Amino acid sequence: MSSYKNLVTSESVAAGHPDKVADQISDAILDEYLFTDPFARAAIETLVTKDNVIIAGEVFGPNIKNSRIESIVRNTIKDIGYEHDGFHWRKVKVNILLHEQSNDIAIGLDQGAGDQGIMYGYATTETENLMPAPIFYAHSILKNIMSAVKEAKLGPDAKSQITLAYENNLPVRAESIIVSIQHPENLDQSKVKEIIYPYIVSSLPKGWICPEKNLLVNPTGRFVIGGPVSDCGLTGRKIVVDTYGGYIPHGGGAFSGKDATKVDRSAAYMARYLAKNIVFAGLAERCLVQLSYAIGISQPTSFYIDTFGTNTVDEKRIKKFIEGSIDLSTKGIIRHLSLNRPIYKRTAYYGHFGKKSESDGGFSWENMDLSAEFCRELNMEDKNRTALKF
């Protein structure tokens with residue numbers, strides 16, 4: 001019998017990609033509001049282009065001076081590494097156009113969800129952090145390259161893309177890999193490839209590297225001009241990179257710049273938390289969670305679980321347990337995951353999911369504390385839980 005085969009592709013972008021510069025600025029400003037007042041609300045949009053940064057959006061809470069916001073913008077750009085002609089942290093012009101949040105939206109937030117929307121969460125045993133393999137390896141390749149090539153003055157703008165071959169729903173090898181990375185004008189493309197090749201190989205399981213002809217580095221032959229000088233960047237344009245790499249459906253809402261009263265962000269985090277704990281508890285090998293909300297309504301308008309036939313416990317039992325033990329209202333999610341903290345700038349590059357939870361509450365949606373309750377309440381044994389390599 002022949003095995004079922006297919007190809008799945010995902011991409012990642014570096015912290016210096018123009019859209020990710022915008023995301024980090026938006027979340028850095030959001031963090032400042034939450035640091036000043038944990039109950040602040042914000043929806044902050046950033047545009048970056050040659051020599052200019054524009055900040056716009058709505059806020060509710062403390063009065064933070066424009067001079068402080070401008071300082072945050074410049075420090076964020078500096079941390080990313082932009083000291084280039086056309087986009088330099090010290091020389092860039094910063095235009096701040098923030099205003100108060102609409103009373104109509106504020107009413108909705110006081111009553112329930114801040115907007116309507118559909119959010120998805122996912123987990124799978126394909127990788128050690130329960131993320132789909134294509135986005136996991138796309139991030140890994142780029143993170144490893146970008147952390148190691150500063151001495152060669154590569155970056156900060158870069159992208160990776162990987163296509164994995166699957167057999168019987170399991171990834172088995174890389175079919176093709178693409179890396180585009182900013183480089184000095186005097187550096188030949190063959191040299192760029194030589195520098196980054198070891199980091200690509202070390203990012204993959206042994207024997208997974210694709211054929212040489214399918215490994216493309218800077219396919220146009222030149223990537224000297226990068227960042228906001230070459231491309232305008234906007235908050236929220238890399239939503240698939242931020243989540244699961246297109247492996248599952250996406251509700252459409254972006255995360256960065258939004259406080260947790262926006263279900264685009266908070267409910268997506270809760271959906272990942274539920275899916276990850278279901279898989280880690282050994283209740284399924286794959287799990288998709290969907291939540292939807294209506295503005296001003298407290299509880300979700302829908303809550304759906306799909307384990308794709310891999311479940312060891314009836315999905316109805318899992319769903320009933322969650323509904324009886326976790327408050328899925330916006331306020332309940334914020335309380336459960338402690339989302340009113342200044343923890344968001346660090347989420348704005350290399351994905352919001354698949355990272356380790358942190359002692360200060362960062363990435364709390366990656367905690368696996370719920371899995372023990374699943375095991376206890378659903379008559380599972382702890383030994384059934386997925387073994388992770390943390």
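## Terms and basis of the model

Two strands are said to pair if DSSP finds at least two bridges between them. Helices (H or I, at least four residues) and strands (E, at least two) are DSSP runs, numbered from the N terminus. On this basis, eight bridges join β7 to strand β12 (residues 286-293), and the two run antiparallel.

The structure is a predicted model, in which local features need pLDDT of at least 70 and side-chain atom pairs count only at pLDDT 80 or more, while totals for chains, interfaces and linings use all residues. Residues are numbered from 1 along each chain as its sequence is written, and side-chain values use heavy atoms, with hydrogens and water left out.

## The sheet of three strands

β7, β12 and β13 form an open sheet in the order β7-β12-β13, with antiparallel pairing. β7 (117-124) and β13 (302-306) stand at the edges with a single partner strand each, so one side of each has no neighbour in the sheet. On average, neighbouring strands of this sheet are turned by 10 degrees against each other, direction ignored; axes are lines fitted to C-alpha atoms, for helices over the stretch in contact, and angles run from 0 to 180 degrees between N-to-C directions.

β12 is joined to β13 by five bridges, and these two strands also run antiparallel. β12 is mostly covered, since seven of its eight residues are buried. Here, buried means under 20% relative accessible area, exposed means over 50%, and partly exposed lies in between (1.4 Å probe, protein chains only).

## Leucine 291 within β12

Leucine 291 lies in strand β12 and is buried, with a relative accessible area of 0%. Methionine 119 stands opposite leucine 291, and in β13 the bridge partner of leucine 291 is phenylalanine 303.

Contact means heavy atoms within 4.5 Å. Not counting residues up to four places away in sequence, leucine 291 touches several residues, including Gly117, Ile118, Met119, Met270, Phe303 and Leu328. Leucine 291 and glycine 121 are 170 residues apart in sequence, yet 8.6 Å apart in space, C-alpha to C-alpha.

A nonpolar core is a set of buried Ala, Val, Leu, Ile, Met, Phe, Trp, Tyr and Cys residues joined through side-chain atoms within 4.5 Å. The largest such core has 79 residues, and those with the most contacts inside it are Leu274, Ile322 and Phe374. Helix α7 (residues 263-280) gives the most to this core, with twelve residues. Leaving aside neighbours within four places in sequence, isoleucine 322 is in contact with Leu274, Ile278, Phe303, Ile305, Leu328 and Phe374. A second, separate core of 31 residues includes Leu142, Ile145, Ala158 and Leu187.

Helix α7 is mostly covered: 18 of its 18 residues are buried. The expected span of a helix is 1.5 Å times one less than its number of residues. Just after α7, glycine 282 takes a positive phi of about 80 degrees.

Another open sheet has four strands in the order β6-β3-β2-β11, with mixed pairing. β6 and β11 (233-234) stand at its edges, each with a single partner strand, so one side of each is left without a neighbour in the sheet. Two bridges join strand β2 (residues 41-49) to β11, and these strands run antiparallel. The bridge partner of valine 48 in β11 is glycine 233.

α1 lies across β2, β3, β6 and β11 and runs at about 150 degrees to β2. α2 also packs on the sheet, where it touches β3 and β6, and its direction makes about 130 degrees with that of β6. The 15 residues of helix α2 (residues 66-80) should span 21 Å, and the end C-alpha atoms are 21 Å apart, which agrees. Among the buried residues of α2 are Ile69, Ile72, Val73 and Ile77. The buried residues of α2 pack against α1 (18-36), β3 (52-60), β5 (87-88) and β6 (93-100).

## Annotated domains

UniProt, in an unreviewed entry, places "domain: S-adenosylmethionine synthetase N-terminal" at residues 6-102. That span is 35% helix and 39% strand, and its end C-alpha atoms lie 48 Å apart. The UniProt feature "domain: S-adenosylmethionine synthetase C-terminal" (unreviewed entry) is placed at residues 225-366. Residues 225-366 are 29% helix and 11% strand, with end C-alpha atoms 37 Å apart. UniProt positions are given in the numbering used here, feature names are shortened, and annotations may be inferred rather than shown by experiment.
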